[in-house]
Every structure is written in C-alpha cells, then in structure tokens.
Amino acid sequence: MLESLESVQLDVGITGETGSGKSSFVNALRGLGDEDAGAACTGVGARSTREPTITASPSFYFVHSKVDLDLDSSLRRWPSSYSEVGVLQEIRQNCLEGLQAQGIRSPQVFLLSAFDLSKYDFHLLGEMLERELSHHKRHAFLMALPNISLHILEKKKVAMLKQMWLVSTVACSVHAVPIPGLLISCDVDVLARTLQGYCKSFGLDDDSLEKLAAEVGQLVGQMKAVIKAPLAKEISSSLVVQLLIQAGGKVPKLSKEVLRSVPVLGSMASGALSFATTYKMLRSFMDEVTASVQRMLIKAFEVDAEK
C-alpha cells in the first residue's frame, strides 16, 4: 500500500484551441516556468501538441484561461464603469451559455490565470479534483500542486499525516534494525527517503528555493534565513537517528530491566515503542517543515506585495 502511494501516476488530459493557454496552464500546474527544463512549449505560434493521445474520462472540467488579459482589456476599454467582479461574472455566464447550447448539462467552468494561480478559480478547480479523485490519486495530486498558498500547504500536511501511520508501521517492521542508544528498532533508510520526500513536496530543496527566490526578486540566502527545518540534501541516516533520539525523549518508555525480565512483554512493548517514537519523529519533522515553509511564503508574499 505504501509503495502504491509513492508510485501512483495521475494522468490529466488538457485540450483546447491553439493559443488558448494550454501549455502555460500545464506549466503553472507543475510549478514550472516557461524556460525551465521539461516545460511545455509556449509563446505565439507554439505548436507543441500536434499529436494528441485521446483517452476516456468520466468527468470533464472547462477552464477559461488568460482571464487576466480579459480583465486588462475591459479596464482599458471601459475604465469608468470597470468592475472586476462584474467582468468575471459576464465571462463565466458566457461560457456556461455557450457550453449549454452545445448540449452539455451542468458544465463546470473555472476562470484562471496561469501567471497567478493564487487568484480567481484555481483553488476551486483544485478542490473539485481533490474531491472526485480516488484516494491514491488524490494524494498524488495534492503532492504535485505548487506551493502557492498557505491553504495548499495545509492540505498537503493533512494528506501526509494520513500516510504517516503507514510509514511508521513499515519502518518498524519489514527491515527494522536496533537503533543505538534507544530501545527501538526501525528502518532508517525508509525514514530518510520519507523525510526527503517531505522536503521536496514542500519546496525545501535547492531547485525550488532558487525558483521562488527568482520569482519574488530575493536572494536564495534570504529565503533560507527563515527556514529552520533541514533541506532535502541535508537528510542523512545519521540525521534520522538524531531525530529519533530527540523524539525518543518525548515518548514514555519502560525500563530495560522490565523489558528483559518478561521477554513477551518486552517484544510487544519494544514494537509499540518503536512505532510511537517513529511516528513522533515524523510528526515533529512535518510540523517543523510546514512552519518553515509558512514563514518563507509569508516573507515572499510581503516582499512581492511591496513591489
């Protein structure tokens, strides 16, 4: 089950007219800039998807992209009577009427700009996909979302907490080995990969930090100054052991004498203690990661708002 959570693939099909903003939307959804490696080709006259692969889908969602251009155009044409809310309502109504005229019942339309996913309907689209996806694919979708808001960070954290008991069970059972200085056994390699995954999912790696710093016009060092959690590259087996020792001091445990005197009790208690210590370590690490990212985003948004 843990392997399936880590390896599940979520396929999303995007279709639309040339120049409608498909590639920009895909890049934004993946947290990529147009010039990043692996980004979809964008720009005037881009023809990057001439050979589509068609697959069946039970549900469709309609996205009106480039809504920021529509708003700018309306502001220039009717400055005295301009209303952002009014323009958005008109665009949405026109989309709904056009789709219904084509025989589509109850169409779901989302307005967004690929250059600012924190505005308009992106969060509504994300919530809709999250509700309608299966459990494993919902987890994959949340982990893939770009860290553009505190709301998304909280959703990612909740998803990770639901998976944490599973990681703890696997780490304390399959290839568990005794941890020096503690009365527990666990698989340090599994835990190290898990912590690295947490860091990368929340953007605490060099590539993500450099990208965010460039977007808000700061130095990477300024972003790292508010980060208290380790970065992905800093996660090692020795760090995991250190974190386990710290967590072990906060988990009630039986004395060595009691565990040795009653072998069966000792085995059961040791397993329970291993699970409790591992879970406590993962939970504490997750709290530290999310707190660091929250501080980092708040700092980035504050600087961006001043420009």
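Which residues of helix α3 (residues 67-77) are buried? The views below start there, after a word on the model.

This is a predicted model, in which local features need pLDDT of at least 70, side-chain atom pairs count only at pLDDT 80 or more, and totals for chains, interfaces and linings use all residues. Numbering runs from 1 along each chain as its sequence is written, and side-chain values use heavy atoms, with hydrogens and water left out.

**View 1. The buried side of helix α3.** Val 67, Asp 68, Leu 71 and Ser 74 are the buried ones here; buried means under 20% relative accessible area, exposed over 50%, and partly exposed in between, using a 1.4 Å probe and protein chains only. Looking down the axis of α3, these buried residues fall within an arc of 125°, so they line one face of the helix; the arc is taken from the directions from the helix axis to the C-beta atoms. An α-helix has 3.6 residues a turn, so residues three or four places apart point the same way. Cover for the buried residues of α3 includes β1 (62-64), α4 (84-101) and β2 (109-111). Helices (H or I, at least four residues) and strands (E, at least two) are DSSP runs, numbered from the N terminus.

**View 2. Helices α7 and α8 side by side.** The axes of α7 (residues 150-171) and α8 (residues 188-201) come within 11 Å and cross at roughly 170°, so the pair is roughly antiparallel (angles over 145 degrees count that way). Axes are lines fitted to C-alpha atoms over the stretch in contact, with angles from 0 to 180 degrees between N-to-C directions. On the α7 side, the contact (heavy atoms within 4.5 Å) uses Lys 156, Met 160, Met 164, Val 167 and Ala 171. From α8 come Val 190, Leu 191, Thr 194, Tyr 198 and Ser 201. Sorted by type, the residues of this contact are seven nonpolar, two polar and one charged.

**View 3. Ser 106, a positive phi in a loop.** Ser 106 sits in the loop between α4 and β2, with phi near 45°, positive although the residue isn't glycine. Most residues other than glycine have a negative phi. With 65% relative accessibility, Ser 106 counts as exposed.

**View 4. Tyr 120, a positive phi under cover.** Phi of Tyr 120 is near 65°, again a positive value in a non-glycine residue. Its loop runs between β2 and α5 (122-132). Tyr 120 is buried, at 17% relative accessible area.

Notes. Parallel < 35°, antiparallel > 145°, perpendicular 65-115°, else oblique. Nonpolar A, V, L, I, M, F, W, Y, C, P; charged D, E, K, R; others polar.
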